[in-house]
Amino acid sequence: MRRAKTVLGLIFTAIMLFPVYWMINVSFTRDTDMRADPPHLFPLDGTLEGYRAVLDQQLPYLGTSLIVGLGTVALTLALSAPAGFALAKLRPKGGGVLSFVLLIAQMIPGIIMAMGFYAIYLRLGVLNTVGGLILADSTIAVPFGVLIFTAFMSGIPDELIHAAMIDGATTWRTFVSVILPVSRNAIVTVSLFAFLWAWSDFVFATTLDGGGDAQPITLGIYHYIGNNNQQWNAIMATAVIASIPATLLLILAQRYVAAGVTAGAVKD
Amino acid sequence: MAHDVTTGVPASPSAPAGGGAGARAEGTPGRGRRGGHWTAWAFLAPIVIYLLAFYAYPLYRNLDLSLRHYTVRSFVQGDAPFSGFDNYRDVFADPAFGPALLHTLTFTVVSIAFQFAIGLALAVFFAQNFRLSATLRALFLVPWLLPLIVSASTWTWMLNSDSGIVNHALELIHVDPVNWLTSPDWALTSVIIANVWIGIPFNLVVLYSGLQAIPAEVHEAASIDGANGWQRFWRVTFPLLRPVSAITLLLGLVYTLKVFDLIWIMTKGGPADASITFATWSYRFSFGSLLPEFGPGAAVGNLLIVMALFFGLLYIRFQRRQA
Amino acid sequence: MTTTRGRLRAAAALVISACLLAGCSKGSEPGASGTGAAGGDYTIWDPYPQFDDGSDWVKLLTRCGTDAGVTVKRTGYDTTDLTNKALLAAQQSNSPDVLIVDNPVVSTLADAGVLTTTDELKVDTAAVEPNLLAAGRIGGKTYGIPIGANTLALYYNKKILDGAKVDPAAIKDWASLTAALEKVKATGKKGITFSAIGTEEGSFQFLPWFWGSGAGLTQLDSAQGVAALELWNGWLKNGHAPNSVLNNTQTTSWQEFAAGDFAFSENGTWQLANAEKTGFEYGIIPIPSQAGGTAPAPTGGEFVTAPVQTETGRYPVTEKLIACLSSADNAFTTDTTLSYIAATEAVQQKQVAANPQLAVWVEAVKAAKGRTSDDLGTKYPKISQPLWTAFQAALSGSASPAEALKTAQTTAAAATK
């Protein structure tokens, strides 16, 4: 029975990842075979040309992307967890309006955000810096973080907070030592998406970090997109190589999504 | 308006229902309401400052762009004349308006329905902790790691009329090839398929975490009562998952409304506007040709914001009725 | 009503976010953003992101900077992105000193007041071929100098044409081309591939046929214009061209040709280097016009321009940089790297001497026509968009060629009024 589920799981994953396989296939394909009809299912007489180009040029970009991704996660958590707690459990007057504003904030097109940032950054002198990019990327994730934290934390039983309060803890202490530990799932979820958004962001990177020395991987890809020519095998190879460290990170993070965290806490 | 968007759902059957605004204030984990109020805002202060610092200006700018008559020249010089609602009037009168509205609604509703249903089914499936379940679940996120230009291009590749793998597979089972991206009848369907694929990981991860946050005792209690798996899911699990489901749907809606790059890379909104949505249309105005038209572009962008507002309000009404 | 504690908290939060901001600005390097600094940093933006610091192109930029006694800071952007970047930078008075942009964009940027004229900067454009310079001339003034040019022609697969007994030299007009496609189809091979995508790229590819019919951009729905669209439409309907052209960029259409099944590909000068790699014998013929003879193809390629600076004292150095980039020797190197044809007769001859295959392209470039010429200027984008909408509608079957072009003409006329 359990084995059957694993097999089923493997099948689902295979279907889901077929486009990813196709991308890997293209990354090994020679330029002349890319539009072969019928398409080649396996890169039988493939080429490593794409990978050679990528390994020569792309590694520094990966490092920058990693820093930007992790920085965005940290900033997003720092801003959104307390806010989510306040909205879910302290429920101040006007909190609803704030949630609504957060929802609307996410509707501003990325490019308009980027254009606004450009003007601000130029004056602050943070154009083309990693810090500036982290700050910009966090704007994609922060409203999401607040809303997710609010939704998850509203599921935490009030008794838990009452108990802590009776023990004489301040609200801040309650938040840090009671709420945060039981919100592990929400923290992992928000971190994951904050990381993923920062990792795959292109609009902010090109507008705000286009001329920087440290550029993320999404800009690195543009090495292979000339004004008249695109080296598709190198583009796909970049994407493949870029996803390897990030995939490992995801697998690691996913292990921390725990079952029944709240339940455990209530029992204690 | 002052209703809480996200917390108005009963967290669990036993928790106080946070219905109306008044009821909610009393229903909070009490302690001196005034003091609590200020403490709460202290927790919220960073986010409020953050919002003001980073969203106010772009939002103002988008509004300003839509109310002025911009040419490239006046965009650079910053002296565009105020033109009231002219841009909006132009947008409404544009022959692309009708199709764009219809496609936006279809794209959003169909995408979300499939993403959520598939995501929820997979979340329940993966919640059964079998061998490799954590790893496979993480692998579902891989599509998110790919820059959109890569994943969208891969779909374009697979759906190519002549050399695409999908048509090749259809040929093997003796089905006529479909012009996925180049036929006005199929273009919208194709971008929806790709968008559902991209959206599944988001729904899966959020809903899975939500499922895991439900205390195990609830399930145990239900099993003792003799409920079967199906009943347990609909009567116990699903209601408990409501706050998370609601926010997943709402966020999914917001994200789907603003999808433009996927459509842009795959079909450019074409052929002949067959897959154009508001977001794509807005992008086409502002950046799609050699001569940017920022005014109408921003106006369409603002219409999207209004649509999100509308859905948000609808969501609140729905919640009130439920409470 | 208020509690000091709450206020203190709020204040603390404010400090925290201020720190966040300050923390970020610590990472900034002074002078990273171009203008203002009186020092020796000159910024250059180009649309060649494919060239990294080790490439000949960037080395050339650095050397030009060293010769002028300054340090060059160069950034390569994606072409489509560069126009927006340039406008945004100009709006914030942060333009680069030298901007290299696609030729049809020059008139837009000039109209926005972003560019200086070559008179102001004393750049010598006398040697440049007039048909190439035309894209940079608006209202009697010139706003830049072409770095090189490219255009379109028909690549053919020799083996396929031989198999179908088609003599490429005999293809002189539309009728003989379509007849050739018919013969190719009879042998089970595919006919022609091109790019009819709904962007400027599609218009670029349609123009040789449109102009080759005798149609003009001010009257899209003329009988000649309809004939051009009917030519494309007929190819699609009769299976001479694949349905994927609707979504093809010039790169994808090239990949289709490179797979070896297509007899013809409408593509550009820049594919020459790739043509050598296909592993089959190829040849190039000019695009025929309807009645016979070479059709005027649009010119592609970039212009070197100098954006307006608040500090006009920077212009003399900028002038030196531009002169260096467009000097005969450097133009030769650059155009060879980019697979372009030079903009001056002298360098063109040098190119043909070095590589006789280029002769076809030099001829094609001479016959080519700027998209924004005929004094269309900034009107061109407003015509080009309805035009690509029209051929997309016709080829996808949602309107007849005549109807589609009629709608296009109405839209274009309203937009260019």
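This is a predicted model: local features need pLDDT of at least 70, side-chain atom pairs count only at pLDDT 80 or more; totals for chains, interfaces and linings use all residues.
Modeller: Residues are numbered from 1 along each chain, and chains are lettered from A in the order in which they are written.

Colleague: How do you know that chain B is in contact with chain C?

Modeller: Contact means heavy atoms within 4.5 Å. By that criterion, 36 residues of chain B are in contact with 45 residues of chain C.

Colleague: What area is buried between chain B and chain C?

Modeller: About 3,300 Å² is buried, of which carbon and sulfur atoms give 64%. Buried area is the accessible area (1.4 Å probe) that two parts lose on being put together, summed over both.

Colleague: How many salt bridges are there between chain B and chain C?

Modeller: A salt bridge requires a side-chain nitrogen of Lys or Arg within 4 Å of a carboxyl oxygen of Asp or Glu. The count between chain B and chain C is zero.

Colleague: Which helices of chain B each supply at least two residues of the side that touches chain C?

Modeller: They are α2 (33–54), α4 (72–77), α9 (148–158) and α16 (278–287). α2(B) gives the most to that side, with eight residues. Helices here are DSSP runs (H or I, at least four residues), numbered from the N terminus.

Colleague: How much of residues 38–57 of chain B is helix?

Modeller: That span is 95% helix and 0% strand (E, at least two residues), and its end C-alpha atoms lie 27 Å apart.

Conventions: Side-chain values use heavy atoms; hydrogens and water are left out.
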